[in-house]
Amino acid sequence: MITGKVGDADLVRLRRKAEQHLRTYLACQAVRARAYGRAVKETTKAIALLPSRTPRTLARALGALAGL
């Protein structure tokens with residue numbers, strides 16, 4: 001199994017990054033669906049997962065809003 005070849009610390013980091021990416025995607029989809037409450041919740045969760053990526057997360061969510 002591939003996860004056996006990745007160290008525990010790296011595995012945690014990669015999972016967190018993947019979940020953060022998914023939450024950002026969900027936030028963008030929620031914006032496009034005009035489900036703004038859901039978009040805010042997903043954006044908040046994405047930021048909580050990786051605070052260092054806050055500018056990128058907000059840029060993507062706001063970019064989806066601008067695309068309406």
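Helix H1 (residues 8–32) packs with helix H2 (residues 36–49) at an angle of about 160 degrees, and their axes are 8 Å apart. Axes here are lines fitted to C-alpha atoms, for helices over the stretch in contact, and angles run from 0 to 180 degrees between N-to-C directions. This is a predicted model, in which local features need pLDDT of at least 70, side-chain atom pairs count only at pLDDT 80 or more, and totals for chains, interfaces and linings use all residues. Residues are numbered from 1 along each chain as its sequence is written, and side-chain values use heavy atoms, with hydrogens and water left out. Helices (H or I, at least four residues) and strands (E, at least two) are DSSP runs, numbered from the N terminus.

**H1 with H2**

- H1 and H2 are therefore roughly antiparallel to each other; angles over 145 degrees count as roughly antiparallel, under 35 as roughly parallel, 65 to 115 as roughly perpendicular and the rest as oblique.
- The crossing of H1 past H2 is left-handed, a term used if the near helix is turned anticlockwise from the far one by less than a right angle, with right-handed used if clockwise.
- On the H1 side, Arg16, Glu19, Gln20, Arg23, Thr24, Leu26, Ala27, Ala30 and Val31 meet Tyr36, Arg38, Ala39, Glu42, Thr43, Lys45, Ala46 and Leu49 of H2, where contact means heavy atoms within 4.5 Å.
- The residues of this H1 and H2 contact comprise eight nonpolar, three polar and six charged; Ala, Val, Leu, Ile, Met, Phe, Trp, Tyr, Cys and Pro count as nonpolar, Asp, Glu, Lys and Arg as charged, and the others, Gly among them, as polar.

**H1 with H3**

- The angle between H1 and H3 is about 20 degrees, with their axes 8 Å apart.
- That angle makes H1 roughly parallel to H3.
- H1 passes H3 in a right-handed crossing.
- Gln20, His21, Thr24, Cys28, Val31 and Arg32 of H1 make the contact with Thr57, Arg60, Ala61, Ala64 and Leu65 of H3.
- By class, the residues of the contact of H1 with H3 are five nonpolar, four polar and two charged.

**H1 itself**

- The 25 residues of H1 should span 36 Å at 1.5 Å a residue, and its end C-alpha atoms are 36 Å apart, which agrees; the expected span is 1.5 Å times one less than the number of residues.
- Leu11, Gln20, Thr24, Ala27, Cys28, Ala30 and Val31 are the buried residues of H1, buried being under 20% relative accessible area, exposed over 50% and partly exposed in between (1.4 Å probe, protein chains only).
- These buried residues of H1 pack against H2 and helix H3 (54–66).

**Loop between H1 and H2**

- Arg34 lies in the loop between H1 and H2 and is exposed, with a relative accessible area of 54%.
- The phi of Arg34 is near 60 degrees, a positive value in a residue other than glycine.

- Thr43, in helix H2, is buried at a relative accessible area of 11%.
- Not counting residues up to four places away in sequence, Thr43 touches Ala27, Thr57, Leu58 and Ala61.
- Thr57, in helix H3, is buried at a relative accessible area of 2%.
- With residues up to four places away in sequence again left out, Thr57 touches Gln20, Thr24, Thr43, Ala46 and Ile47.
- Pro55, in helix H3, is exposed, with a relative accessible area of 60%.
- Pro55 and Thr43 are twelve residues apart in sequence and 11 Å apart in space, C-alpha to C-alpha.
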